[in-house]
There are 2 protein chains.
Amino acid sequence: MATIADVARLAGVSRSTASYALSGKRSISDEVRDRVRAAVSELGYTPNAGARALATSQTRVIGLFAQFLPDEFAPAMLQYMLGVSDTARELGYDILMVTDSDGPAALRRITDSRMVDGVVLLNIAEEDDRLPVLRAAKQPGALVGLPADCTGLDVFDLDFPEAGRLMVSHLAELGHRELVLVSQPRHVVERGGAYVWRLRNAAQEEAERRGVTLHAVHGSSSQPAIGQELSDLLDAHPGATGLLLNNEAAAAALPSVLHARGLNSPEHYSVIGRYSDEFGRTFSLPFSFIESAPDRLGSMAVRQLVRRIESPAGAEEPHVTRLITPELGDRGSTRPPRP
Amino acid sequence: MATIADVARLAGVSRSTASYALSGKRSISDEVRDRVRAAVSELGYTPNAGARALATSQTRVIGLFAQFLPDEFAPAMLQYMLGVSDTARELGYDILMVTDSDGPAALRRITDSRMVDGVVLLNIAEEDDRLPVLRAAKQPGALVGLPADCTGLDVFDLDFPEAGRLMVSHLAELGHRELVLVSQPRHVVERGGAYVWRLRNAAQEEAERRGVTLHAVHGSSSQPAIGQELSDLLDAHPGATGLLLNNEAAAAALPSVLHARGLNSPEHYSVIGRYSDEFGRTFSLPFSFIESAPDRLGSMAVRQLVRRIESPAGAEEPHVTRLITPELGDRGSTRPPRP
DNA sequence: CTGAAAGCGCTTACAG
DNA sequence: CTGAAAGCGCTTACAG
């Protein structure tokens, strides 16, 4: 493999000149620059990443921490990852993907060994045990998901309370008086998935404010189970005319549940889900939905991270917590209830 | 950040002794080893990955190349990735995830810069333009997917021809005389997805050998379209009693298509799909299926790669092409046709 | 059993 | 505008 010494020799210059000619960090005569470039392409020279990292303390690699938990919908996770990965590449960074089950240990290993310039964490829990490690690390960190304590980190998430209010107010204004909200499984909450109760509590409050009845329940995240649960729910609440779904598996199962009962949306039920457009397309879900914007959130996290990595000013800026405003994607699954 | 010089100083030994005490590459007195270990934990020392890579020419990182093409089913891709990632971690390697659309350029960048010790490629095309780059690289490469030319590479794939024969012979032996095989979209083939026609041609031959009629068609990979196509297919071939699905979207759509027509499997149609158990569970598909074993294939690829990376003997072993034998997962969706 | 030194391949002050 | 040299933090022959 060619080194910069080979390039320098072939171009008839010193190693430092070859290096500067390539980095552009000081002015170089056109003639020398051309000779160096010619040598580079003749030798097929690519800088050794380890040597460069050692010299500059920069790896141009971002660590991406994602856990594929059995009770979370894997394809949804993937959307966040691709948002991160695509934006990172666009900004000239590669992605070290970490899926270890022991998050804190893996995080310490990756940051302490200086394999990455910064880190993006997904699956954020309310009290996430990776956060103390991340705060102690020299590298900056960005989270997709809102923990209890955001100090020292940049945080990006959907505004789940606003999503809950939006779902309820939209149906309340159409005249619905009794709604059912199906959330993620209870153990997602127990594991620290705060977005579940953030949406639910806000929905509950909005319902009370508007004098609407809201039945808030947890649903399974696996297919056969959630189908039966949905069916039972419809039986249990015959007066309900609106369904709110903060649970991907429930959204995916609902069409066949309704179908099996000879019902449909919006005729018999107005329905609003919370998932990504991509998810809706994959499962051809006919429901209006609150866009969870995984790719946009992943992209925002990387951009902020890179700003901190690259600019000395950026590194000192106060940390941000940005909650993106939910938007309703209209697929025509809501209308006033039947009289 | 502590360096090995700090550790050596605190332990009162030379840097080389500290290094050897940690690597165990030469014998060290118990007392010195303990002092070094104590210094390491007191300082929280973690070796700098870049420096180590520079000194040893080993990064303990494996490159994972995956493309998320719009017409391939993303969750299925994810299963391969997790198979690779989990096994790599088990063997002490991290994963550099590369999703660039320009595969050859990204591959050259990653290998020439020595960011990785080896590479696993997914989405292999018949004439994959990444393969010449991989063969020219210093690092070993493993493929999940079978290209036209396997020289210089370790290759792992499902035995698709055998899968096709198995599907057909299973239904033929039950007495079915007219089958429909729904494959992936035509442009997957045009892009080089040889597994599509490998399965189809073998199925076709097996059908001829047994005097069974096989209608082989391409289906869409997106949900609303494939549903209509399946429905049209059933109309077009009223005599068909068996459905073979080498198309995830078709498998996911079939239950509701049958349901809408008041039909079910196995009563009206015997059905065999080709997908992973995980996929079947996610979509709660009630069909017997040929396991595509993405996690197993990913794992095999990494193990072989690591063997080549780590043992000088392994590096010289002849390259292998391993096609795993399809197995039928029985979910009771096949039976003899109705008289 | 241990240490002093060279070297991996870069970048970047320092000098001219 | 260019070069000689130091240094990033490791590992590993070489010597004792």
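This is a predicted model: local features need pLDDT of at least 70, side-chain atom pairs count only at pLDDT 80 or more; totals for chains, interfaces and linings use all residues.
Residues are numbered from 1 along each chain as its sequence is written, chains are lettered from A and ligands numbered from 1 in the order in which they are written, and side-chain values use heavy atoms, with hydrogens and water left out.

**DNA strand D**

- There are 29 residues around DNA strand D, and those that come nearest are Arg26(A), Ser27(A), Ile4(B), Arg15(B) and Ser19(B), where a residue is near a molecule or strand if one of its heavy atoms lies within 4 Å of it.
- Of the atoms of DNA strand D that come within 4 Å of the protein, sugar and phosphate account for 49%.
- The backbone also takes part, with a polar backbone atom of Ser14(A) 3.1 Å from a phosphate oxygen of DNA strand D.
- Two or more residues of the surface near DNA strand D are given by each of α2 (15-23) and α4 of chain A and α2 (15-23) and α4 (49-56) of chain B, helices (H or I, at least four residues) and strands (E, at least two) being DSSP runs numbered from the N terminus.
- The largest share of this surface, 5 residues, comes from α4(B).
- By class, the surface near DNA strand D divides into 12 nonpolar, 11 polar and 6 charged residues; Ala, Val, Leu, Ile, Met, Phe, Trp, Tyr, Cys and Pro count as nonpolar, Asp, Glu, Lys and Arg as charged, and the others, Gly among them, as polar.

**DNA strand C**

- Around DNA strand C there are 30 residues, of which Ile4(A), Arg15(A), Ser19(A), Arg26(B) and Ser27(B) come nearest.
- Sugar and phosphate make up 49% of the atoms of DNA strand C that come within 4 Å of the protein.
- Phosphate oxygens of DNA strand C are found 2.7 Å from an N or O atom in the side chain of Ser19(A), 3.1 Å from one in the side chain of Lys25(A) and 2.9 Å from one in the side chain of Arg52(A).
- At least two residues of the surface near DNA strand C come from each of α2 and α4 of chain A and α2 and α4 of chain B, and α4(A) gives the most, with 5 residues.
- The residues of this surface fall into 13 nonpolar, 11 polar and 6 charged.

**Interface of chain A and chain B**

- The contact (heavy atoms within 4.5 Å) takes 41 residues from chain A and 41 residues from chain B.
- Chain A and chain B bury about 3500 Å² between them, 66% of it on carbon and sulfur atoms, buried area being the accessible area (1.4 Å probe) that two parts lose on being put together, summed over both.
- Across this interface there are 4 salt bridges, a salt bridge being a side-chain nitrogen of Lys or Arg within 4 Å of a carboxyl oxygen of Asp or Glu.
- Arg109(A) forms a salt bridge with Asp94(B), with the closest N and O atoms 2.6 Å apart.
- β2(A) pairs in the antiparallel sense with strand β2 (residues 94-98) of chain B over 3 bridges, two strands being paired if DSSP finds at least two bridges between them.
- Within this pairing, Met97(B) in β2(B) is the bridge partner of Ile95(A).

**Within chain A**

- An open sheet of 6 strands in chain A has the order β7-β6-β8-β9-β10-β12, with mixed pairing.
- β7 (213-218) and β12 (328-329) of chain A stand at the edges with a single partner strand each, so one side of each is left without a neighbour in the sheet.
- Strand β9 (residues 270-275) and strand β10 (residues 288-291) of chain A run parallel and are joined by 4 bridges, and Ser288(A) in β10(A) is the bridge partner of Ile272(A).
- Glu206(A) forms a salt bridge with Arg209(A), the closest N and O atoms being 2.7 Å apart, and these residues are separated by about one helical turn because they are 3 residues apart in helix α10 (residues 194-210) of chain A.

Technical notes: A polar contact is a pair of N or O atoms within 3.5 Å; within protein, one must be able to donate a hydrogen and the other to accept it, and residues adjacent in sequence count only if both atoms are side-chain atoms.
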